[in-house]
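Hi,

Here's the structure I said I'd pass along.

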Amino acid sequence: MTALIGWSAWLGCAAPGAWLYWQWRGGNLGVVPAEVLLHQTGRFALLMLMATLALGFAHFLTNWRALFAARRPLGVWTFLYALAHASIWLFLDQGGFIEFAADELRKMVHLQLGLAALILMLPLALTSVDAAPRLLGFPVWKKLHLLVWPAAFIAIMHAWVVSRFENPLVIALTALALFFMASRIYARIRHGR
């Protein structure tokens, strides 16, 4: 069952990107396809990040360890979609002009937040291989992966600023992230850890 959940998560997470690529290649993304690519990859990254956090809550409710087989694919795909989001901004939206992009980054808070979230996700993606817990030591690896929480909240702040505080999806994801955080704190208090 664990293998089925893991492979389903890998394929399920790849599907939105494959669909988006297919739409882009077919010229079906409207007048400004770069903007659609930018927004969709960001949305996919944020949704998968929230799904990753949801796994902890689902485990808390069910105590079904097989759910964790989906954690690595969700985390890796979250990073890949976030990296695609940043790359689309840099190379399609900004035309690959590094000096101009750096100037924009210095001025715009939402870009700074997005970059901070991506940087926080990088060590998580790099240590998502089987050997990482053994090489780092499981306690260190586990603490490192707590970076998912600040990454999630910074990514949500990025989405808040981009949406100008008016997007119902961002409001819902904020409420979910706060709920998942509260449930995690409750579980730690309940188990005395």
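How does arginine 72 count by relative accessibility: buried, partly exposed or exposed? Arginine 72 comes out at 35% relative accessibility, so it counts as partly exposed. Before going on, bear in mind that this is a predicted model.

Salt bridges first. Searching the whole structure turns up 3 salt bridges. Arginine 72 pairs with aspartate 130, with 2.5 Å between the closest N and O atoms. That pair links distant parts of the chain, 58 residues apart: arginine 72 sits in helix H3 (residues 71–93), while aspartate 130 is in the loop between helix H5 (109–126) and helix H6 (131–136). Aspartate 130 is exposed, at 62% relative accessibility.

Helix H4 (residues 98–107) is where aspartate 103 and arginine 106 both lie, 3 residues apart, or about one turn of the helix. Their salt bridge has its closest N and O atoms 3.8 Å apart. Aspartate 103 also bridges to lysine 107, here with 3.0 Å between the closest N and O atoms. Lysine 107 and aspartate 103 are 4 residues apart in helix H4, so about one helical turn separates them. Through shared partners, the salt bridges join Asp103, Arg106 and Lys107 into one network. Within it, aspartate 103 is partly exposed at 26%, whereas arginine 106 is exposed at 59% and lysine 107 is exposed at 57%.

Now the aromatics. There are 10 aromatic pairs in the whole structure. One of them is phenylalanine 57 with phenylalanine 179: the ring centres are 4.9 Å apart and the planes sit at 70°, so this is an edge-to-face pair. Because phenylalanine 57 lies in helix H2 (residues 33–62) and phenylalanine 179 in helix H9, the pair ties together parts that are 122 residues apart in sequence. Phenylalanine 57 is buried, at 18% relative accessible area, but phenylalanine 179 is partly exposed at 43%.

Tryptophan 149 and phenylalanine 153 make a stacked pair, 6.5 Å centre to centre with 25° between the planes. These two are 4 residues apart in helix H8 (residues 148–162). Tryptophan 149 is buried at 9%, and phenylalanine 153 is partly exposed at 23%. Separately, Phe57, Phe60, Phe179, Phe180 and Tyr186 form one aromatic cluster.

Last item, the surface: Arg65, Arg71, Lys142, Arg184 and Arg188 gather there in a patch of positive charge. Arginine 188 belongs to helix H9 (residues 168–190) and is partly exposed, at 40% relative accessibility.

Cheers

How values were computed: Residues numbered from 1 in each chain as written. Predicted model: local features only at pLDDT ≥ 70, side-chain atom pairs only at ≥ 80, totals over all residues. Heavy atoms only, no water. Patch = residues over 30% accessible without salt bridge, like charges linked within 9 Å, V, L, I, M, F, W, Y side chains within 5 Å. Areas by Shrake-Rupley, 256 points an atom, 1.4 Å probe, with all protein chains shown as cover. Salt bridge = Lys/Arg side-chain N within 4 Å of Asp/Glu carboxyl O. Lys, Arg positive; Asp, Glu negative; His and termini not counted. Charge placed at Lys NZ, Arg CZ, Asp CG, Glu CD. Buried < 20%, exposed > 50% of the residue type's maximum accessible area, 1.4 Å probe, protein only. Phe/Tyr/Trp six-rings, centres within 6.5 Å; stacked < 30°, edge-to-face > 60°.
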